[in-house]
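Have the sequence and the 3D view at hand as you read.

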Amino acid sequence: MSANTFGRIFRVTTFGESHGHVVGCVVDGCPAGLEISVDEIEKELSRRRPSAYYGSRDEKDTPEILSGVFEGKTLGSPIAIIVRNANQESRDYDELKDIYRPGHADFSWEAKYGFRDHRGGGRSSGRETLCRVAAAAIAKKFLTLSGITIRAWTSSIAGLAQPSPNEDGFDFDEIERNLLRVPSKKGASEAMVKIEELRGEGDSAGGTVSCLISGVPAGLGEPVFDKMDARLAAAVLSIGACKGIEFGAGFAAALMKGSENNDAPSPDGKFATNNCGGVLGGISSGQEIFFRAAFKPTPSILKPQKVLDRNGNVKEAAIKGRHDVCIVPRAVPVVEAMTALVIADFLLLSRCAKI
Ligand SMILES: Cc1cc2nc3c(=O)[nH]c(=O)nc-3n(C[C@H](O)[C@H](O)[C@H](O)COP(=O)(O)O)c2cc1C
């Protein structure tokens, strides 16, 4: 167990604070010979950047590969990637030095370490997720060699549920066309109205991200403690603001009868239903893996709220700075990233499971 390193074979260490010099990652255990370019990493990073619509921060994220890649291919050695923090307006955060922002990690980090980088949350900032996305650009590329694809989208935002893949109005192509990463054009415009309303009120919203993993062969997962679903849950719940996850029918399965919920394979290995979300006994069943993760509303809000300071005083304060009204659309590539890291690791582990 390590606080800043994730994975057993495909191992990723992330480093850096929101307003320090750089943020970055070291990927160790990626097989040699994988073609990867800075452009491919930058493309993934640009999906995580805030847009003028639901945020206002201009973070230019230009990755630099420091090691582990030669002539466009991985060497099998550690791959170090950094992104310089160009837009470090720490002044915005001077007022935060002595207060604990509600819904943020300020109070608990200080309780643990006795000291914290108050500028934008330091290491607990959403900016740390950039490192995961950079590392996962490599994992995703590795997975394409095995025909595995990962697609995530905003499945609900600001209280508005969006259509599911089996429902009318759902369109995979629409996801990256609109800023909210909603799978329906109509849904996107309705949600944007709601987001603007909340922006006007100085408030924020939460929502859910759904994720569909296709092409995963049956047999990946490491029971009993590193079951596929357990590992995905830990990976996704490690993303800031994520408060829940459910696989397949999820919490609705608790209301079903066994006869309604059971997924039984037919002789050709196919399943008629997928209530289990593609995982049985912690091992992939060969079906698509499906989960949904819940994200809380952005904690930093302009609306005045009660805030505790270091001297034990409670006062009314608005949290200034540049924040997304809703982080859910930006969490979409981060969910894909953590998923890719888990699946890449299991794929490599599966190669030593049997003779
Ligand atoms: C991609 C991403 C971007 C985020 N951006 C912001 C932000 O702009 N403002 C904010 O208050 N919280 C933001 N967060 C959420 C906080 O980082 C998070 O809620 C906080 O660190 C407390 O952690 P917890 O919610 O997991 O307990 C972001 C999270 C992610 C994943």
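**Ground rules**

This is a predicted model, in which local features need pLDDT of at least 70 and side-chain atom pairs count only at pLDDT 80 or more, while totals for chains, interfaces and linings use all residues. Residues are numbered from 1 along each chain as its sequence is written, and side-chain values use heavy atoms, with hydrogens and water left out.

**The whole chain**

The protein chain has seven helices and 17 strands. Both are DSSP runs numbered from the N terminus, with H or I of at least four residues for helices and E of at least two for strands. With a radius of gyration of 21 Å against the 20 Å that the globule rule gives for 355 residues, the protein chain is as compact as a globular protein of that length. That radius is taken over C-alpha atoms, and the rule is 2.2 Å times the number of residues to the power 0.38. Along the principal axes, the C-alpha atoms fill a box of roughly 65 × 50 × 35 Å.

How many of the 355 residues count as buried? The share is 50%, where buried means under 20% relative accessible area, exposed means over 50%, and partly exposed is in between (1.4 Å probe, protein chains only). The accessible surface of the protein chain is about 16900 Å², and 54% of that belongs to carbon and sulfur atoms. Those areas come from the Shrake-Rupley method with a 1.4 Å probe; for residues, only the protein chains shown count as cover.

Contacts (heavy atoms within 4.5 Å) reach well along the sequence: among those between residues at least 6 apart, 70% join residues at least 24 apart. As for charge, there are 44 positive and 45 negative side chains, and the centres of the two sets lie 3 Å apart. Here Lys and Arg count as positive and Asp and Glu as negative, with His and the chain ends not counted. Each charge is placed at NZ of Lys, CZ of Arg, CG of Asp or CD of Glu.

Now for an open sheet of five strands, with the order 1-2-3-7-4 and antiparallel pairing. Strand 1 and strand 4 (63-65) are at the edges with a single partner strand each, so one side of each has no neighbour in the sheet. Strands count as paired if DSSP finds at least two bridges between them.

Strand 1 (residues 5-6) pairs with strand 2 over two bridges, and Thr5 sits opposite Thr13. The two strands form a hairpin with four residues between them, and Gly7 in that turn has a positive phi of about 105 degrees. Another hairpin, through five residues, leads from strand 2 to strand 3. Strand 2 and strand 3 (residues 22-28) share six bridges, with Thr14 opposite Cys25. Strand 3 also pairs over six bridges with strand 7 (residues 79-84), where Arg84 is the bridge partner of Val22.

**Some single residues**

Ala134 sits in helix 3 (residues 129-144) and is buried, at 2% relative accessible area. Beyond its neighbours within four places in sequence, Ala134 touches Cys25, Ile41, Leu45 and Ile81. Cys25 is the strand 3 residue opposite Thr14.

Asp168, in contrast, is exposed at 77%. Asp168 belongs to the loop between strand 10 (160-161) and helix 4 (185-201), and its C-alpha lies 39 Å from that of Leu349, 181 residues away along the chain.

Most residues other than glycine have a negative phi, and most peptide bonds are trans. Two alanines have a positive phi instead:

| Residue | Phi | Relative accessible area |
|---|---|---|
| Ala158 | near 50 degrees | 12%, buried |
| Ala241 | about 80 degrees | 17%, buried |

Ala158 is in the loop between strand 9 (149-157) and strand 10, and Ala241 is in the loop between helix 5 and strand 12 (242-247). The peptide bond from Pro223 to Val224 is cis, with omega near 10 degrees. Val224 lies in the loop between strand 11 (207-214) and helix 5 (228-237).
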